[in-house]
Amino acid sequence: TGSSLSMVSRAVALDLGLQLQPKTSTLVGVAGATTWVGTTLPEVRLGRFTVRQQAVAVGVKGIPSHVGLVPLDGILGNDVLQHFQVQIDYPGQRLTISRPGTADETEQTVPLFFDGQHPKVQVQLTARNPEGRTVHQPALLDIDTGATGLLLMGPSTRGLKDVAVQGSSSLSGVGSSDPVSISARSVPVVSAQFGGQRVERKVDAKWIGAERSPHR
C-alpha cells in the first residue's frame, strides 16, 4: 500500500509479450527519482475479481528482485487496491478483498483517508529519550505495507525535536538501485495509539526533512 502505482519486473513484461512505452515523467520514492517505462496488463485477477486494462510501471529502479530467496515479480499498488475493501491479516497470512461496503466493521476499525495515491491514518505517537523526557504528538502517517520500521517526514513545530538525535540513515526503495545515505534524526518512539489500540514497542524512528520550514 506504499505504492501509488502497480509495477512488474521487466522479465514478466517480456514473458507476456507486452509493448513497453517510455514515460517523460519520473517516479519519486524515498531514495530519489527515476525515469520509467510503462505498459498495460489486459487482466489482473485477484481471487474472484478481475481488473482490466491495468496500467503498470516496468522494471522500476529500486524495486528488489527477490524477498529472501523468493523471486519478486512486482508490486500490487493502490491503483488496483482502491477498487476494493481490503483486510490484511499478518498473523493469519491472509489478504481478503471484497466489494466496498460489504465487509463487516469491528470496534477496532480505524478510519483512514485515501488521497488517491496513499492511505493515511491518524496516530498518537509517544517518544522518550534516555534522560526520560517524554513527548506526545499526533501524526498523520501513510500506511505502507512494503516498508519496515517507522519513517517520519517533513518539518514539525511540536516536541519531537526535543527528544530527537541528529545522525544519518541508509534508505532503500524506489529511485535508486543502491541504498542512499541521507541526513536523518533518530526519534525514540516507545508507543503508538490508533483505532482504540495502543502498541507498546520501542522503535527507532527515522525523521528526514526536519530542517525544512513548516510553511514550505
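Which residues does Leu-160 touch, not counting residues up to four places away in sequence? Select Leu-160 to begin: the residues in contact (heavy atoms within 4.5 Å) are Ala-127, Val-135, Gln-137, Leu-152, Val-187 and Trp-207.

This is a predicted model, in which local features need pLDDT of at least 70 and side-chain atom pairs count only at pLDDT 80 or more, while totals for chains, interfaces and linings use all residues. Residues are numbered from 1 along each chain as its sequence is written, and side-chain values use heavy atoms, with hydrogens and water left out.

Next, select Val-123, Leu-125, Ala-127, Leu-152, Leu-160, Val-187 and Trp-207, which touch the most other members of the largest nonpolar core, a group of 17 residues. A nonpolar core is a set of buried Ala, Val, Leu, Ile, Met, Phe, Trp, Tyr and Cys residues joined through side-chain atoms within 4.5 Å; buried means under 20% relative accessible area (1.4 Å probe, protein chains only). Colour strands 11 (119-128), 12 (134-142), 15 (176-194) and 16 (197-208): each supplies at least two residues of this core. Strands are DSSP runs (E, at least two residues), as are helices (H or I, at least four), numbered from the N terminus. Strand 11 gives the largest share, four residues.

Then move to a second, separate core of 13 residues, including Val-8, Leu-41, Val-58 and Phe-84.

Phe-49 is in strand 4 (residues 49-58), and Phe-84 is in the loop between helix 2 (78-81) and strand 8 (85-89).

Definitions and conventions: Buried < 20%, exposed > 50% of the residue type's maximum accessible area, 1.4 Å probe, protein only.
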